[in-house]
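Please look over the structure below before reading on. The notes that come after it are grouped by topic.

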Protein chains: 2
Amino acid sequence: MRTVVPFAVSKPKTRLSSVLTDVECREFARAMRSDVLSALREIDRDPEILATAELADPFDATVTVDDRPLDPAVNDVLATTNEPVAVVMADLALVTSDALERLFASDADVVLAPGRGGGTNAFVARHPEFRVDYHDASIRDHRRIAKNLTDDVVEIDSFRLATDVDEPTDLAEVLLHGEGEAVDWLEDAGFERSLEDGRVGLSR
Amino acid sequence: MRTVVPFAVSKPKTRLSSVLTDVECREFARAMRSDVLSALREIDRDPEILATAELADPFDATVTVDDRPLDPAVNDVLATTNEPVAVVMADLALVTSDALERLFASDADVVLAPGRGGGTNAFVARHPEFRVDYHDASIRDHRRIAKNLTDDVVEIDSFRLATDVDEPTDLAEVLLHGEGEAVDWLEDAGFERSLEDGRVGLSR
């Protein structure tokens with residue numbers, strides 16, 4: 001199985017720009033990506049980075065560069081690969097090998113891991129005709145696309161896989177539950193949990 | 001095992017008041033509670049409601065009234081019950097019997113299901129001295145309390161158990177993933193998903 005981790009090189013995590021500088025956004029995105037790669041390797045996967053441009057920062061995985069948007073880039077991988085394909089987003093800062101193990105444990109034709117806000121944070125496609133459409137509420141589209149191909153569709157109910165880090169409030173989840181480089185980076189950068197209206201927020 | 005579902009009668013879901021009237025808040029809270037009770041019964045649990053006052057609305061479960069705040073009310077249950085106790089929040093509108101099955105499948109001394117924003121949305125306590133402290137980032141406190149008692153502590157990684165419904169943005173998750181009365185109620189009330197900055201939002 002190919003395991004692909006898409007990564008936007010030019011403008012990672014722009015919605016974090018209210019709390020992080022551009023340089024910090026890049027550093028933090030790299031730390032999250034490193035956590036995802038590490039967790040995949042812990043369960044003996046060999047992840048490849050699918051990057052929008054050559055990586056300027058240090059990396060330690062095979063890199064394929066495709067400057068097209070996410071949909072055509074991922075769909076090209078799906079169309080040209082004669083084996084199952086897993087796609088795992090690079091911003092899953094809470095990911096653990098246990099959570100990913102559940103993604104790979106199912107042998108369904110299509111395994112979907114929904115993200116908060118309607119995204120699709122990871123999937124495994126064993127059906128050769130499965131294609132992605134990441135716009136809007138992509139989990140709804142991916143459910144529909146998969147179910148048009150096969151009845152053998154499974155969803156993984158995981159908070160860790162559901163939590164992609166896009167917005168400042170997401171950083172609080174990393175401080176609460178993170179176990180890798182991303183939480184270390186946030187703590188080194190001076191972020192702390194604070195309490196806001198009964199939910200955990202963020203201060204620096 | 002006793003399975004307890006706490007329920008605040010007087011002011012349920014006040015943080016939804018920007019999008020729901022008081023009457024609607026009560027109706028929607030009742031629909032969510034009904035979904036939680038149904039999912040528990042599907043896996044042969046016999047849930048009791050732990051209510052802050054007599055229920056004015058229809059209900060179909062044993063009700064214990066305790067007008068104290070959540071911590072002393074739940075801790076009284078824990079202190080006076082000579083068997084394992086499960087506590088499942090009433091506002092888990094995405095809950096399914098599969099998700100709850102995972103909570104009960106572990107035989108650990110303490111099983112915790114974290115909620116978004118640092119909460120603790122469900123737990124099973126088999127250790128007689130486990131007590132709750134729901135203030136602030138309760139999952140941190142509950143981890144600490146449990147680990148001071150036993151090494152046998154497990155966390156359930158479930159998006160469905162992690163998603164309690166407190167805020168308007170949470171309603172979008174119900175529209176995306178709900179399977180019971182709560183999503184029916186929202187749809188009947190005219191709520192629809194809309195797209196906001198790449199994540200799914202809400203319109204009415």
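This is a predicted model: local features need pLDDT of at least 70, side-chain atom pairs count only at pLDDT 80 or more; totals for chains, interfaces and linings use all residues.

Chain A and chain B bury about 2800 Å² between them. A search of the whole structure finds 22 salt bridges over all chains, and across the interface of chain A and chain B the rule finds two.

**The interface of chain A and chain B**

- Chain A gives 32 residues to the contact, and chain B gives 32 residues.
- Of the area of about 2800 Å² that the two chains bury, 42% is on carbon and sulfur atoms.
- The size of an interface is often given as the accessible area lost when the parts come together.
- Two salt bridges are found across the interface of chain A and chain B.
- A:Asp157 and B:Arg102 form a salt bridge, and their closest N and O atoms are 3.6 Å apart.
- On the side of chain A that touches chain B, the elements giving two or more residues are the helices α3 (97–105), α4 (138–149), α5 (159–162) and α6 (168–177) and the strands β8 (192–196) and β9 (199–203) of chain A.
- The largest share of that side of chain A comes from α6(A), which gives five residues.
- Sorted by class, the side of chain A that touches chain B has 16 charged, 10 nonpolar and six polar residues.

**Strand β1 of chain B**

- Strand β1 of chain B covers residues 2–7, and five of its six residues are buried.
- β1(B) runs parallel to strand β2 (residues 47–51) of chain B, and five bridges join the two.
- Within this pairing, B:Val4 stands opposite B:Glu48 in β2(B).
- β1(B) also runs parallel to strand β4 (residues 85–88) of chain B, with three bridges between them.
- B:Arg2 has B:Val85 in β4(B) as its bridge partner.

**Salt bridges in chain A**

- A:Arg15 and A:Asp166 meet through their side chains in a salt bridge of 3.6 Å, N to O.
- A:Arg15 lies in the loop between β1 (2–7) and α1 (22–42) of chain A, and A:Asp166 lies in the loop between α5 and α6 of chain A, so this pair ties together parts that are 151 residues apart in sequence.
- Is each partner buried or exposed? A:Asp166 is buried, because its relative accessible area of 10% is under 20%, whereas A:Arg15 is partly exposed at 29%.
- A:Arg68 and A:Asp66 also meet in a salt bridge, at 2.8 Å from N to O.
- In this pair A:Arg68 counts as partly exposed at 36% relative accessibility, and A:Asp66 counts as buried at 12%.

- The side chains of B:Glu24 and B:Arg204 form a salt bridge, 2.7 Å from N to O.
- B:Glu24 is in helix α1 (residues 22–42) of chain B and B:Arg204 is in the segment after β9 (199–203) of chain B, so the pair ties together parts that are 180 residues apart in sequence.
- B:Glu24 is buried, with a relative accessible area of 17%, while B:Arg204 is exposed, with a relative accessible area of 51%.
- In chain A, salt bridges that share partners join A:Arg15, A:Asp166 and A:Glu167 into one network.

Notes:
Residues are numbered from 1 along each chain as its sequence is written. Chains are lettered from A and ligands numbered from 1 in the order in which they are written. Side-chain values use heavy atoms; hydrogens and water are left out. Contact means heavy atoms within 4.5 Å. Buried area is the accessible area (1.4 Å probe) that two parts lose on being put together, summed over both. A salt bridge is a side-chain nitrogen of Lys or Arg within 4 Å of a carboxyl oxygen of Asp or Glu. Helices (H or I, at least four residues) and strands (E, at least two) are DSSP runs, numbered from the N terminus. Ala, Val, Leu, Ile, Met, Phe, Trp, Tyr, Cys and Pro count as nonpolar, Asp, Glu, Lys and Arg as charged, and the others, Gly among them, as polar. Buried means under 20% relative accessible area, exposed over 50%, partly exposed in between (1.4 Å probe, protein chains only). Two strands pair if DSSP finds at least two bridges between them.
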